[in-house]
Amino acid sequence: MLAQRRALERHTRIVAPMTGVVVYRWVDVGATVTEAAAILRIADVNRLKLISKISARAGTNLRAGMTALLTTAGAPGKTFFGKVARVSHASDTPEQTEIEIEVSSDGGLRPGMVVEATIGSNPGEDRS
């Protein structure tokens, strides 16, 4: 019976093929699931995206490839580096520009954190 119990326990563990943080759970503990059922959403916290809307006026000076420095109260004294991946001048809201920044956080940032980004084309130049 002990061998049977151990065999059953091996089928109750779920192992993810990657490291990360669980950001959403579709099923409760103890629920029965099928092999193809989605049960969790896992975020890779080493590579994150910041998507934000800014004024169209501020967005006129931004372009893909510019350097971004990010700070957050959740990690005081730390600075995170990123690159502007996309600048989208939306036609449905002409007064706003959407920007996307890809960030390498080395695990220091988490999905949902509030951050402040300073953007420039080189780390030593004036920022927009």
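Predicted model: local features only at pLDDT ≥ 70, side-chain atom pairs only at ≥ 80, totals over all residues.
Begin inside the protein, by selecting L70, F80, I101, V103 and I119, which touch the most other members of the largest nonpolar core, a group of 13 residues. If you then colour the strands, you can look for β4 (67-71), β5 (80-89) and β6 (96-104), the elements that each give two or more residues to this core. The largest share comes from β6, with three residues. As background, nonpolar side chains tend to be buried together in soluble globular proteins.

Next, keep I101 selected and show its surroundings. Leaving aside residues up to four places away in sequence, I101 touches a list of residues that includes L48, L50, A68, L70, V84, A117 and I119.

Now move to T72, which you will find in the loop between β4 and β5. Is T72 buried or exposed? T72 counts as buried, because its relative accessibility is 9%, and the cut-off for buried is under 20%. A polar atom of the T72 side chain lies 3.2 Å from the backbone nitrogen of G74, and a polar atom of that side chain also lies 2.7 Å from the backbone oxygen of V114. With residues up to four places away in sequence not counted, T72 touches F80, L109, M113, V114 and V115.

Finally, turn to the surface and select V23, Y24 and W26, which form a nonpolar patch with about 300 Å² of accessible area together. Within this patch, W26 lies in the loop between β1 (21-25) and β2 (40-43), and W26 is partly exposed, with a relative accessible area of 42%.

Notes: Residues numbered from 1 in each chain as written. Heavy atoms only, no water. Core = buried A, V, L, I, M, F, W, Y, C linked by side-chain atoms within 4.5 Å. Buried < 20%, exposed > 50% of the residue type's maximum accessible area, 1.4 Å probe, protein only. Helix = DSSP H or I, 4+ residues; strand = E, 2+ residues; numbered from the N terminus. Contact = heavy atoms within 4.5 Å. Patch = residues over 30% accessible without salt bridge, like charges linked within 9 Å, V, L, I, M, F, W, Y side chains within 5 Å. Areas by Shrake-Rupley, 256 points an atom, 1.4 Å probe, with all protein chains shown as cover. Salt bridge = Lys/Arg side-chain N within 4 Å of Asp/Glu carboxyl O. Polar contact = N/O pair within 3.5 Å; in protein donor to acceptor, adjacent residues only side chain to side chain.
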